[in-house]
Amino acid sequence: MRVQVERLKNMSLRRSFFLLTLCGLLAAAALASLLWTGCRAISSQYPSGGVSIGSDGVVTPLPEPTPEQWRTLWALDVVSLLGWALFPAAGLASAGAIFYRWKLKEPIRLLLEGTRRIQAHDLDFTIPNLSADELGQICAAFESMRLELLKTNRELWRQAEERKRLNAAFAHDLRNPITVLKGSVKLLRQDGSDSRTLDRLEAYTARIEQYVEAMSAIQRLEQMPVKTAGVSLAALRSELEETARLLAPALNAAVFAPRRGTAQIDHGIVLTVAENLISNAARFARKNLEITLAWENQILTLTVADDGPGFPPELLQKGPKPFGKLEEDAEHFGMGLYSGGLLCRKHGGELQLENRESGGAAVMASFQINAQP
């Protein structure tokens with residue numbers, strides 16, 4: 001029996017379904033025939049009524065069934081007829097149940113479980129090769145995909161770790177010559193050398209130092225965990241108003257935000273993004289700054305708009321890049337938008353840039369409520 005089951009498991013789905021259905025119908029027909037034969041045999045033991053004509057032409061009345069016997073005969077007829085309807089239905093149902101249990105149940109369970117684990121970023125499992133049928137081939141293809149994903153993830157992890165080590169080494173190695181340059185500037189100033197050359201040397205030294213600090217900041221942001229907690233929207237509104245007052249004191253800043261409700265977010269990440277966006281908008285705004293906080297469908301959206309010249313087309317097409325600058329400015333490396341987008345993605349959201357039809361630029365930062373680290 002076990003050998004037949006294994007052979008059935010390795011058959012194609014179409015062939016195994018046809019075979020099980022045929023077996024179910026044959027078994028149903030056999031049982032219905034046995035039931036019909038049994039009912040006929042029982043009915044023959046009861047009087048059937050009518051007359052009997054002998055060879056000599058004599059007509060003899062036969063005994064009539066009693067009312068109780070009539071009910072029994074009627075019940076036997078109904079049972080025999082129902083057998084031809086119910087047994088085939090039961091046979092088909094049994095064939096379907098066996099087909100599901102032997103051919104579908106385990107592969108579907110394994111595929112669903114594998115899908116859930118991949119969605120949870122868990123690739124530490126194996127999909128066994130159950131059979132040679134179509135679902136077995138799908139399981140084998142799923143296992144191949146899992147192995148490729150695991151290989152790719154390990155390679156990406158290795159590259160990310162290598163990049164972190166290179167960035168840390170690069171930043172560390174640059175700090176020493178920067179320290180020497182700063183010390184040399186001090187010594188040269190004491191000797192009364194050319195002040196213009198010294199100013200230029202000091203400015204470029206400071207710029208290299210800021211560049212190193214910006215690289216270190218990116219690395220810290222990439223490693224920052226997401227820790228959500230309940231944050232009052234009213235308190236968040238007040239913090240946005242205070243941030244706008246400190247970073248854009250000369251502008252007309254308007255803050256629109258709900259005064260009620262509590263959102264499960266990473267307070268530090270949201271405020272860091274808000275500070276970056278408000279600081280960036282304040283550099284380009286002429287008079288007005290508009291900050292809007294909205295909550296819909298488990299997504300918290302922070303929009304910062306200004307009445308400045310707007311974003312260049314290249315930035316709108318390609319998005320913010322690390323160390324991308326909107327203008328030649330030794331004090332800025334264009335990190336505000338890039339770091340804001342990085343933090344939004346860590347919080348399950350994104351950063352979108354657009355130029356408004358009425359003029360000026362707008363940045364929409366979204367954060368997923370109850371985001372997981």
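1. Ser16, Leu20, Thr21, Gly24, Ala28, Ala32, Cys39 and Ser43 are the buried residues listed for helix H2, where buried means under 20% relative accessible area, exposed over 50% and partly exposed in between, with a 1.4 Å probe and protein chains only. Helices here are DSSP runs of H or I with at least four residues, strands are runs of E with at least two, and both are numbered from the N terminus. H2 covers residues 13-43; its 31 residues should span 45 Å at 1.5 Å a residue, and the end C-alpha atoms are 44 Å apart, which agrees. The expected span is 1.5 Å times one less than the number of residues.

2. This is a predicted model, in which local features need pLDDT of at least 70 and side-chain atom pairs count only at pLDDT 80 or more, while totals for chains, interfaces and linings use all residues. Residues are numbered from 1 along each chain as its sequence is written, and side-chain values use heavy atoms, with hydrogens and water left out.

3. Thr21 lies in H2 and has a relative accessible area of 17%, so Thr21 counts as buried. With its neighbours within four places in sequence left aside, Thr21 is in contact (heavy atoms within 4.5 Å) with Leu92 and Ala95.

4. Asp133 sits in the loop between helix H3 (67-119) and helix H4 (134-190). Its relative accessible area is 2%, which makes Asp133 buried. The side chains of Asp133 and Lys103 are joined by a polar contact of 2.8 Å. A polar contact is a pair of N or O atoms within 3.5 Å; within protein, one must be able to donate a hydrogen and the other to accept it, and residues adjacent in sequence count only if both atoms are side-chain atoms.

5. Lys186, in helix H4, is exposed, with a relative accessible area of 59%. Lys186 and Glu202 are 16 residues apart in sequence, and their C-alpha atoms are 9.3 Å apart.

6. An open sheet of 5 strands has the order S4-S6-S7-S9-S8, with mixed pairing. Strands S4 (252-256) and S8 are at the edges with a single partner strand each, so one side of each has no neighbour in the sheet. On average, neighbouring strands are turned by 15 degrees against each other, direction ignored. Two strands pair if DSSP finds at least two bridges between them.

7. S4 and strand S6 (residues 288-296) run parallel and are joined by 5 bridges; Ala253 has Leu289 in S6 as its bridge partner. Helix H6 (residues 233-247) packs on the sheet, touching S4, S6 and S7, and its direction makes about 165 degrees with that of S6. Axes are lines fitted to C-alpha atoms, for helices over the stretch in contact, and angles run from 0 to 180 degrees between N-to-C directions.

8. In strand S9 (residues 361-368), 7 of the 8 residues are buried, so S9 is largely enclosed by the rest of the structure. S9 pairs in the antiparallel sense with strand S7 (residues 299-306) over 7 bridges, and Leu300 stands opposite Phe367. S9 also pairs in the antiparallel sense with strand S8 (residues 351-355), over 5 bridges, and Leu351 stands opposite Ala365. The hairpin of S8 and S9 has 5 residues between the strands, and Gly359 there takes a positive phi near 110 degrees.

9. Helix H7 (residues 267-284) lies across S6, S7, S8 and S9 and runs at about 175 degrees to S9. Its buried residues include Ile269, Val273, Leu277 and Asn280. Asp266 caps the N-terminal end of H7, with a side-chain oxygen 3.1 Å from the backbone nitrogen of Gly268.
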